[in-house]
Amino acid sequence: MKTRSTYLLIALLLPLSLFSQNSDRIHQATKAFLATLNQDELKKVNYSFQDSLRKKWTNLPVGMVPRPGIQYGSLSDKSRLAFHRVLSALLSSQGYLKTTSIMQLDDILNTLYQEAYDKGEIKKEFLTQMQKLNWAHGNYYISIFGTPGDAPWGMNFGGHHMALSLTSDGKKISMSPYFIGTDPSEVKSSKYAGLRVLSKEEDYGFMLINMLSDNQKSKAILQQAVPKDIITSPNSQQRIDSYYGIAVKEFTDAQKAMLKILIQEYIHNFEHEKSHQMMDKIAATGMDKIYFAWVGSLENNKSHYYIINGPDFLIEYDNVGFQNDGNHIHAILREKGNDFGADLLKMHYLDSKH
């Protein structure tokens with residue numbers, strides 16, 4: 001029988017023997033996906049790595065902002081099977097399920113609007129307006145920049161409420177910026193009532209702010225209106241360059257532990273090697289250098305917002321909703337200085353003497 005120490009030794013050796021191969025698995029899975037496409041499909045999905053489209057993203061519906069690349073819904077079953085292998089290589093199990101659930105939520109949203117119309121709750125004109133936004137499970141687009149496995153290359157996968165951005169130097173990867181969102185954040189009716197795709201981003205935020213003392217809350221809670229969207233949205237030139245709220249060095253150990261759980265809820269959406277590389281970097285810089293700020297209600301189903309800002313990263317979360325009911329999430333994670341692999345590529349070109 002293996003002892004506890006033997007299992008511990010195996011766990012310590014796993015990153016060296018298995019997880020260092022994660023980048024190769026992403027490359028190979030992407031190549032396998034491309035091999036399922038015909039020539040016309042390859043023309044739609046393939047771009048030069050230098051194409052400016054690689055650095056463009058949005059969370060808006062496809063009916064408002066068309067996407068480059070090949071439509072997921074147009075793929076054959078063989079290609080869809082292969083692309084899900086790409087997502088599985090790129091993301092953790094929780095990240096994969098959030099991604100596919102956000103896609104499914106678009107179909108649910110269409111169902112909710114149709115049911116509201118059938119009940120006489122909305123007019124035909126409003127239903128038509130919503131349908132023209134073209135949100136649907138199949139309306140997500142895949143773009144490949146460069147050649148997977150060659151250095152450098154990238155991939156974008158996005159649509160309504162999702163923007164995945166991969167950049168690779170052939171060995172390491174960047175996943176910044178990473179946007180996820182849900183509408184509704186909690187389904188209130190139909191057979192899907194109760195579904196919350198991004199539940200922990202909301203729950204852990206409330207748990208943290210409500211753990212703070214009155215004195216801590218006076219520093220953390222900003223006395224302003226809840227932003228109508230994330231401030232670092234792709235449609236705005238505004239960026240969060242200053243630190244707001246309370247310094248984490250003023251947190252108790254229990255509060256720091258809760259903050260770490262909240263941060264991990266975002267970072268652990270990525271595959272093991274990438275998520276742990278990011279968490280190790282944050283730990284090395286020091287949790288005490290992070291700031292946490294909150295705006296709005298301290299309970300759900302009301303508008304609220306938070307930002308977690310550290311030297312290495314930024315997490316911004318906004319939950320307002322069109323009726324100010326706290327039922328529409330926009331959230332983003334950014335590696336500072338490494339959007340679209342900026343730092344990664346800088347080191348690659350220096351090492352490669354380009």
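The paragraphs below go from the whole chain to one strand and its partners, and then to a pair of helices. The model is predicted, so local features are taken only where pLDDT is at least 70 and side-chain atom pairs only at pLDDT 80 or more, whereas totals for chains, interfaces and linings use all residues. Residues are numbered from 1 along each chain as its sequence is written, and side-chain values use heavy atoms, with hydrogens and water left out.

The protein chain holds eleven helices and twelve strands, these being DSSP runs numbered from the N terminus, H or I over at least four residues for helices and E over at least two for strands. Of its 354 residues, 51% count as buried, that is, under 20% relative accessible area with a 1.4 Å probe and protein chains only. Among contacts (heavy atoms within 4.5 Å) between residues at least 6 apart in sequence, 67% join residues at least 24 apart.

Strand β5, residues 162-168, is largely enclosed by the rest of the structure, because seven of its seven residues are buried. In a regular strand the side chains alternate between the two faces of the sheet. In β5 both faces are covered, with Met162, Leu164, Leu166 and Ser168 buried on one side and Ala163, Ser165 and Thr167 buried on the other.

Which strands pair with β5, where pairing requires that DSSP finds at least two bridges between two strands? Strand β4 (residues 153-159) runs antiparallel to β5 and is joined to it by seven bridges, with glycine 158 as the bridge partner of alanine 163. These two strands form a hairpin with two residues between them, and histidine 161 in the turn has a positive phi of about 65°. The hairpin of β5 and β6 has four residues between the strands, and glycine 170 takes a positive phi near 100°. Strand β7 (residues 178-182) is likewise antiparallel to β5, through two bridges, and isoleucine 180 in β7 stands opposite methionine 162.

Elsewhere in the chain, the axes of helix α4 (residues 77-90) and helix α5 (residues 93-118) come within 8 Å and cross at roughly 135°, the axes being lines fitted to C-alpha atoms over the stretch in contact and the angles running from 0 to 180 degrees between N-to-C directions. The two helices α4 and α5 are therefore oblique to each other, a word for angles that are not under 35 degrees (roughly parallel), over 145 (roughly antiparallel) or 65 to 115 (roughly perpendicular). Where α4 and α5 meet, His84, Leu87 and Ser88 in α4 are in contact with Tyr96, Thr99 and Thr100 in α5.

Notes:
Buried < 20%, exposed > 50% of the residue type's maximum accessible area, 1.4 Å probe, protein only. Pairing = 2+ DSSP bridges.
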